Amino acid sequence: MNTLLDSLWVQNALVFAGLSLVAGLIASGARNERWRRALRRLRRDRIGLCAGAGIAVYLLVGLLEMVQIPTGDGGRVSVLVRMAGGVVEEKSYSAPLASHSLSVARPEPLKGRHLLGTTALGKDTLLQALRACRTALIIGGVTSLIYIPLGTLLGITAGYYRRWVDDLISYVYSTLASIPEILLLVSILMALGKGLGTMSLALGVTSWVGLCRLIRGETMRQAERPYVTAARALGQSHWKIITSHLLPNVLHLVLINFVLGFSGLVLAEAILSYLGVGSPVGTPSWGAMIDGARDELSRDPVVWWNLAAATGALFGLVLSLNVFGDALRRAFDPKRG
Amino acid sequence: MALLEVQNLRTYFPVRSGVLRRHVDDIKAVDDVSFTIEEGTTVGLVGESGSGKSTIGKTILKLVPATGGSVLFRGQEILPMSEGEFRPLRREMQMIFQDPFGSLNPRHPVRQIVGEALEIHFPKMTRGERADRVAELLRQVGLQPEMGTRYPHEFSGGQRQRIGIARALAVKPRFIVCDEAVSALDVSVQAQIVNLLQDLQEELGLTYLFIAHDLAVVEHISDHVLVMHRGKIVESAPAEAIYQSPQHEYTRKLLSAVPSFG
C-alpha cells in the first residue's frame, strides 16, 4: 500500500484529482445564480482581486512543487526544483547576496549569489521558502477538507434537531475539548506515524470542535427565525431545510473560520515540528524554518534570513487569505448591492 | 360540515428544572379551546400578547405539538398524523407570518421563496411552468413579476408581507392562518394588506383564521370573533355582536383600549 502511494505517478494523479475536484466544484457553483452574482461583484473588488491573485501565486508555486518528474538516474524531482536548476548549493550559511560564506574564521567564496542567503545545509533560502508552499497547502487544505464538513454538518445537526442529537454531539465535542490539544495531537501522530497525511488527519480530528460549537449556536439562532417555521409550514423536508435554508445562512461563518483557521493550521505544523512529530525530516516547511531560527538567532553574526523568508511567505499567504475571505463574504452578501 | 373543527385543544409547554430536568409544571398556552370555522369565512382571534393566540395557529398547522384535544380538517383528525401523512394536507393549510423581515430567508431571491412551495408540492412542474406560476402569483398580490430576482431586503415591509402572501397562495390552499399578519405594518399599509386579503378571499374562496391584538382590524375583516385570555376563549360571537354588546369583562376592557377619534 505504502509503496503504491509512494509511486511517482500515483502521487501526481492524486494532485490532479484534487485539482479537478476543486475546479469541478467551482464550475458547478458557477451555474448557480447566486454564485454568478457574487462573481460579478467580486470582479469589481480590486483589493479582493489582488488578494485572489496572491493566493493563485501561492497555489501555482505549491502545485509546481507537488508535481514530480523522474530524473535520468531513477530518482525524482519536483517541477519547481527542476525549473530552479541553475541555483547551486553551498556548504553552509551565507548572508543574502553575500560573496563569501558566513564564517568569521575562514570565509570561503560562494559558487553563486543567493537573493535571500542560504540555510545551514547550504540550500538557497528563497527556493526552500517557495518549496515549503506545498507543505502549507497540504496541511491547510487537507485538514480543512476534513474538519470543515465535519464541524459544519455536526454543528447544524445539533443546532437544528436539538434534544438527544444535540446532547450526543455536545458530549462528544466536550470530551474531545477536555483533552489538551497538543497531547491529543502528539498521541495520534505517535500512533499513526509521521507524515503530512497523518498530520492533516490528526489536525482535522482535533480542529472541528470550535467550528462545530460556533455553527451549532448560529443554527439555533437561525432555526428560531420565522423563515424556518415558514419552510416547515410548507412541508419542506428536514434535509432541505438544513441544506437550502440554514446552510447558506451560516456559510459566512464557515468561510471566515476557514480563512482564519488556515494560518493556525500552518502554525500548528511549526509547533508539531518543534515537538519532533511534525513533517518528515527533509520536507521543506515554514514551520521547520521558523523552528530552526531558535538556534540561528543566538548565533553571532545573527542568521535572520531563514526566519524572515519563512515568516514573510507565511504573512503573505495569511494576509491574502484574510483579504480574499473578506471580499468573498462581501460578494456573497445579498445586502450589498 | 365545518372546514375546521377544534375540540378541547390543549397545548402545554413543560417547565423542567433541576439537574435531571424533571417535569415540574406546565405553561398552559392553550387550555381547552373549542371552535369551528365554516368554509369561506374569516374568524378573528383576539387577545393580548401571551394569551396563546399564535400557539393555537401553530398547533392547528402542527408546527407545535398539541398536548390533547382534537383538530378536524374537513372531518379528518389531523393531530395523530405523522409528518409524512400530514404533508399533503399542508398544501391546503397555510400561514402568513407576523414579522415581514424574519419570515423570508434573506439569502433567497423572491422567485425562490415563492417557488419553494411549488417544488415541494408540484415536483413534476417544469422550470418554465414554475416561473410562469411565480410571475402570476406576484401579479396576484400586487407586485411586478420582474421583482422575482430581487432579495427580501430590497423591499418595504408591506411589499414583503405581499411576498409572504404569495408564498402561502402558491400551493392553492383553502385555509390560511394569518398570524398577526398586519401588526408589524404601519396603518396605511395595514389597510392595503387587509383589502388584499379580502379580495383574495372573494376571488379564491379562502377561509381565514385571522389572529391579531388589534380589535379595529379584526372587526373590519372578521365574520366571527373569538376573544382569548390566558389560554382560554372567554367570548365567542359574531363580529357586530362583540362590538355592540360585549358579554365578558375582558372583552369590554379590550374594546375600551381601542383608540378612537372624536
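User: How many residues of chain B are called buried, and what makes a residue buried?
Analyst: Buried residues make up 40% of the 262 residues in chain B. A residue is buried if 20 or more other C-beta atoms, placed from the backbone, lie within 10 Å of its own. Keep in mind that this is a predicted model, where local features need pLDDT of at least 70, side-chain atom pairs count only at pLDDT 80 or more, and totals for chains, interfaces and linings use all residues. Residues are numbered from 1 along each chain as written, with chains lettered from A and ligands numbered from 1 in written order.

User: What makes the largest nonpolar core a core?
Analyst: A nonpolar core is a set of buried Ala, Val, Leu, Ile, Met, Phe, Trp, Tyr and Cys residues joined through C-beta atoms within 7 Å. The largest has 87 residues, and Cys178(B) and Phe210(B) are among those with the most contacts inside it. A second, separate core of 44 residues includes Ala38(A) and Leu189(A).

User: How do you know which residues Cys178(B) is in contact with?
Analyst: Contact means C-beta atoms, placed from the backbone, within 7 Å. Leaving aside neighbours within four places in sequence, Cys178(B) has contacts including Ile96(B), Leu197(B) and Phe210(B).

User: How many residues of chain B are in contact with chain A?
Analyst: 21 residues of chain B are in contact with 15 of chain A.

Conventions. Contact = placed C-beta atoms within 7 Å. Buried ≥ 20, exposed ≤ 12 C-beta atoms within 10 Å, placed from the backbone.
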